[in-house]
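I wrote each entry as I looked the item up.

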Amino acid sequence: MMEGEILELLRLERMREPLSPGRRLREFQMKIQRLKNGDEIEVAGFLLGRKPPNAPADAAYYLLSPLSPSELSSLRRGDFRTYLVIRATERTEFSGRVKPGSYVLVRGIIDAYPWGNLRMVSAARIEGRDYSEYWKDYREFALSRREVLDLFERTVYLRDDMRKALIYSIYGVPYIPGEEWGEGFEFTVFKYREDSGLLALWKALKYFHSSLPWEVRLTRKRVLEVDDPLLGLDFRLGNPNGSDMRYYTPPTKRGTISLPKWVTERILSKRAIGLLPKNVEADPLDRMARMSETPFVLVPSEEKPYFEENREFLQLIPNLLVTIFIQRERLGSLDRKKTRAVEEEFLRWLRESREDYGDPFRALTAPSGPMNIRLRAELGKRVFGSIVRFNGRVTKRAAREVKLINEAIVNDWMVVLKDHPSEMIKLLREYQMYVPGTLKARRALEILHDLASVSPSNEVTREDFIRELVRDGFSGEDAAELLERFIAAGYVYEPFPGKLRLIG
């Protein structure tokens, strides 16, 4: 008993201090109180866009809050509040997005406001800032990689690969040159026969999603209305977060079956992070499965997901957002040089999987299948980008992690294919349409498709193709002969001498 108590005390000692709205309010108030009238000030906060009480008519007057719209609206009637009055004239310079609800940086001279005990800044410049800056100002509250893992392990109970993929997904995806997609990520889990496990997962994800501030939740609510009992004012505030770092989980059970059109559009274009338990039977021809970074399937033999209400988890949500936005700043983009390791690992995985699984794997990788080769190569890079954001650096281990996630997804869908023989036959026929011929020719054309899938231009050089065939066991003479047959048969053409492109 004593040992257990000691361990609990040690755990509490190690607990990270939560970043609370109260701390932000106190620090903001102390900053403006320390300054004397006439001092220069630089202060950040959210523009409220309403006149303070008894505002003079000599300029435009606004209020600035240290809290975001959602934090301001969550304050109870008797909670402490603080504001700063902003005085703007024709000489005040404006830049960036400056609207009610915007996160702004104000520079000017501090002074007293002629009503109550409010203070005022005569603004020389008001600059709209990115919403992420609000969180990055508190870097000392960021969680370590281990702390994030522990937090989710104690709250959301899933098999390891699913839980890791869930954590990676919330970090979003770095910009990848050549892609039109945004920073969004689609973490999708389909049901298989039973739905109880899927609904338990939905409750866990809804628990996480409902704990997030309004600014980072994908919703149709564009304006937040806030009443202030201290000043007797009400505010209509827009969402300061204009990024793709916005999360969506169906708020109702109906949404687990069919998503609203406006949500589907945002998620398919990767303009939001979808945490999507799909309470529909896994279908190998499902479009969402094909477009998802992680289209998992819950099979009945697995332990059902569940969650535990975790007070620490709720308290540390602001710290988690600090962590996510800091990591997002560190890795904003991912060039091809950084993705080379994951491309090589992907090509190896394709070769190994065809040998291990045979035709069922080929069916999954058909154009309409959930593991469409071209799409899976791009989606794998996106998973890689999220893992790298989480880890804080590019490593070969991250590329191997993508391979493990791909293997887990394939294992799930192999179970589904057994119960969908007609879909499997359809996908296999589709696959054979673009990889026909003898076993030797099919193997060679598969390799060409694999190489094209990791090429940004969808082109492969003659030299790379023949080199890869030789590496796979073909003779140089056979490799050259097969290439000429592919060109003659119309499977491949040369847009430029030495460059190969697949037809169809």
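Before the first entry I set down the cut-off I rely on: a residue is buried when its relative accessible area is under 20%, exposed when it is over 50%, and partly exposed in between. I also keep in mind throughout that this is a predicted model.

**Entry: a pair within helix α2**

I began with R23, whose relative accessibility of 21% makes it partly exposed, because the buried class ends under 20%. Its partner is E27, and the two side chains meet in a salt bridge with 3.0 Å from N to O. E27 is also partly exposed, at a relative accessible area of 32%. I noted that E27 and R23 both sit in helix α2 (residues 21-34), 4 residues apart, which means that about one helical turn separates them.

I then looked at R24, which is found in helix α2. R24 is buried yet has no salt bridge, and the nearest side chain of opposite charge, that of E71, is 4.2 Å away. The salt-bridge criterion asks for a nitrogen to oxygen distance within 4 Å. Leaving out residues up to four places away in sequence, I listed what R24 touches as L19, P66, L67, E71, Y134, W135 and Y138.

**Entry: other salt bridges**

How many salt bridges does a search of the whole structure find? I recorded 47, and I followed two further pairs in detail.

The side chains of K403 and E352 meet in a salt bridge at 3.1 Å, N to O. K403 belongs to helix α15 (residues 396-418) and E352 to helix α12, so this pair ties together parts that lie 51 residues apart in sequence. For the accessibility of the two partners, I noted K403 as buried at 17% and E352 as partly exposed at 31%.

The other pair is K381 with E378, where the closest N and O atoms are 3.6 Å apart. Here both residues lie in helix α14 and are 3 residues apart, so about one helical turn separates them. K381 is buried, with a relative accessible area of 5%, and E378 is buried as well, at 15%. I also wrote down a network in which salt bridges with shared partners join E42, E93, R107, R125, E127, R129, E133, K136, R139 and E329.

**Entry: the sheet and a buried lysine**

I next traced an open sheet of 4 strands, which run in the order β11-β12-β8-β13 with parallel pairing. The edges are taken by β11 (247-248) and β13 (294-298), each of which has a single partner strand, so one side of each is left without a neighbour in the sheet. Strand β8 (residues 185-191) pairs with strand β12 (residues 273-281) in the parallel sense over 7 bridges, and I found that the bridge partner of K191 in β12 is E281.

In strand β12 I stopped at K278.

I looked at D419, which lies in the loop between α15 and α16 and is partly exposed, at 38% relative accessibility. Apart from residues up to four places away in sequence, D419 touches Y192 and R193.

Helix α16 itself (residues 421-434) has 14 residues and reaches 21 Å from its first C-alpha to its last, close to the 20 Å expected at 1.5 Å a residue. Where do its buried residues lie as seen down the helix axis? I listed them as E423, L427, L428, Y431 and Y434, and they fall within an arc of 130°, so they line one face of α16. The elements covering these buried residues include α12 (336-357), α13 (359-364), α14 (373-391) and α17 (439-453). On the face of α16 turned away from the buried side, I noted the exposed residues S422, K426, R429 and M433.

Methods. Residues are numbered from 1 along each chain as its sequence is written. This is a predicted model: local features need pLDDT of at least 70, side-chain atom pairs count only at pLDDT 80 or more; totals for chains, interfaces and linings use all residues. Side-chain values use heavy atoms; hydrogens and water are left out. Helices (H or I, at least four residues) and strands (E, at least two) are DSSP runs, numbered from the N terminus. The expected span of a helix is 1.5 Å times one less than its number of residues. Buried means under 20% relative accessible area, exposed over 50%, partly exposed in between (1.4 Å probe, protein chains only). The arc is that of the directions from the helix axis to the C-beta atoms. Contact means heavy atoms within 4.5 Å. Two strands pair if DSSP finds at least two bridges between them. Lys and Arg count as positive and Asp and Glu as negative; His and the chain ends are not counted.
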